[in-house]
Amino acid sequence: MRSPRTLEIFKMGMISYLDALILQEKLVLSRKSGRIPDTLLSLQHPPTYTLGKRRTDHNLLISQADLEKMGAELHYTQRGGDITFHGPHQAVLYPIVSLREIGLGARKYVERLEQTMIELSSKYRVRASPGKPGETGVWVGDRKIGAIGVRISNGITSHGLAYNVNPDLRYFEHIVPCGIADKEVTSLKREVEEVNVPADEVVQDHLVSCFVEQFEYEDAIWKDGSALRVCDVEA
Amino acid sequence: MALRMWASSTANALKLSSAVSKTHLSPAAIFSLSRCFSSVLEGLKYAKSHEWVKHEGGVATIGITDHAQDHLGEVVFVDLPEPGGKVSQGGSFGAVESVKATSDINSPVSGEIVEVNKQLTETPGLVNSSPYENGWMIKVKPASPSELDNLLGPSEYTKFCEEEDAAH
């Protein structure tokens, strides 16, 4: 009988992309050596544009200088996927999990991340679905509400998903999101019938619960992110 | 080449076929795994991170296995190093991207990279359609051939895949 599968969830609040990256790298090493269980970071970023491993910067429609004038940052990353935007009021989850222990390959893992966002949307009576082949992500009709970009290193995941609760969608006008032209980006706020969407934090915690359910964790331990300062994590 | 039946619970469902391939891997016996329908070839060694290596004539050819490509999904991009670089056993030498996930590929042996499969830049899908032949990734001059002893043989790798898939 295997021991119960545990997920430790850290609520980080608003943290910079770089701080989150450094933290993830350390967590990946700790997870690989078995020092920590599967871990999830739940956070938001200040306005940040990121590119994936393929460096598709033709999908960035403004110069880096203009981007910085807007108060946004640009990062090149090792994750899969194309260009995207992260910002306030967008729920970001970075699961650091061992795929080998849960017996999933990259494809199934990404499908489960999609299902997590689809499930959350349905709780607010928004019908979302996975994209067509080659258009990974979560869509409401042909409007994109959630994006995925993952890195797998020695079977341990990092980066993850971003779900638009109520970000300023104008930021997406400066990119071809995920390299898919002629498709809109949307948010939960835009799609719900009711005027009032609960506070970001409520929706984000709900999203985390959907993740716990999709990945069938038996134990979910919620921890305060301030308990996980970058310098405290031992590699 | 004599075919060996693996004594395992999947023995009844194993389909055996011999394939004569036109590349350096011929002739090879191909065994299907009833559980995950991936093929595992004789004559190769395997790493637990799902890479294979064929050591022949002082050169080690490396790629990812059928099990790996099946679990990744459609490969859209392969990031490979330049010839002349060094790899070490268990160390990463590149990555494959599929469905928004970039997965590191690790070298089963240490040595110097002597050749890189440039076809994968234009046609990354070769990793899916032909993981053991046209989808090969790098060729390495092994620094110490005894490292191959640390790797899994075909039957051990088959069992390893079954156990990994059963964990879900």
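How many bridges join strand S9 (residues 92–98) of chain B to S10(B), and in which sense do the two run, parallel or antiparallel? In this predicted model, six bridges link them, and the strands run antiparallel.

S9(B) and S10(B) make a hairpin with two residues between them. In its turn, B:Val99 has a positive phi of about 30 degrees. Along the pair, B:Ser92 stands opposite B:Asn106 of S10(B). S10(B) also pairs with S9(A), in the parallel sense and over three bridges. Here A:Ile152 is the residue opposite B:Ser103.

In a regular strand, side chains alternate between the two faces of the sheet. In S10(B), B:Ala101, B:Ser103 and B:Ile105 point one way, while B:Thr102, B:Asp104 and B:Asn106 point the other way. Six of the six residues of S10(B) are buried, so this strand is largely enclosed by the rest of the structure.

**An open sheet in chain B**

Chain B also has an open sheet of six strands, ordered S4-S5-S6-S12-S11-S8, with antiparallel pairing. Strands S4 (45–46) and S8 (86–87) stand at its edges; each has a single partner strand, so one side of each has no neighbour in the sheet. Strand S6 (residues 59–64) and strand S12 (residues 138–142) of chain B are antiparallel partners over three bridges, and B:Thr61 has B:Lys139 as its bridge partner in S12(B).

In soluble globular proteins, nonpolar side chains tend to be buried together. The largest nonpolar core in this model has 64 residues, and A:Tyr163, B:Leu80, B:Met137 and B:Ile138 touch the most other members. Helix H4 (residues 106–123) of chain A gives the largest share of this core, seven residues. Beyond its neighbours within four places in sequence, B:Ile138 is in contact with residues including B:Ile62, B:Leu80, B:Val87, B:Phe93 and B:Val116. A second, separate core has 18 residues, among them A:Tyr17, A:Leu23, A:Ile96 and A:Ile156.

**A helix in chain A**

Helix H6 (residues 200–214) of chain A has 15 residues, which should span 21 Å at 1.5 Å a residue; its end C-alpha atoms are 21 Å apart, in agreement. Its buried residues include A:Val203, A:Leu207, A:Val208, A:Phe211 and A:Val212. After H6(A) comes A:Glu216, with a positive phi near 55 degrees.

The structure holds four cavities of 30 Å³ or more.

| Space | Volume | Lining residues | Nearest its centre |
|---|---|---|---|
| Largest cavity | about 390 Å³ | 25 residues | A:Arg100, A:Ile152, B:Ser49, B:His50 and B:Leu72 |
| Largest pocket | about 390 Å³ | 21 residues | A:Pro133, A:Gly134, A:Glu135, A:Thr136 and B:Val99 |

Some names from earlier return here. Elements giving two or more residues to the lining of the largest cavity include strand S9 (143–153) of chain A and strand S10 (101–106) of chain B. A:Ile152, which stands opposite B:Ser103, is among the lining residues nearest the centre of that cavity.

For the largest pocket, H4 of chain A and S9 of chain B each supply at least two lining residues.

Definitions and conventions. Residues are numbered from 1 along each chain as its sequence is written. Chains are lettered from A and ligands numbered from 1 in the order in which they are written. This is a predicted model: local features need pLDDT of at least 70, side-chain atom pairs count only at pLDDT 80 or more; totals for chains, interfaces and linings use all residues. Side-chain values use heavy atoms; hydrogens and water are left out. A nonpolar core is a set of buried Ala, Val, Leu, Ile, Met, Phe, Trp, Tyr and Cys residues joined through side-chain atoms within 4.5 Å. Buried means under 20% relative accessible area, exposed over 50%, partly exposed in between (1.4 Å probe, protein chains only). Helices (H or I, at least four residues) and strands (E, at least two) are DSSP runs, numbered from the N terminus. Contact means heavy atoms within 4.5 Å. Two strands pair if DSSP finds at least two bridges between them. The expected span of a helix is 1.5 Å times one less than its number of residues. On a 1 Å grid over the protein atoms alone, a cavity is a set of points where a 1.4 Å probe fits but cannot get out, and a pocket is an open set with protein on both sides within 12 Å along at least five of seven lines; lining residues have an atom within 4 Å of a point. Grid points are joined across faces, edges and corners, and a volume is the space filled by probe spheres set on the points.
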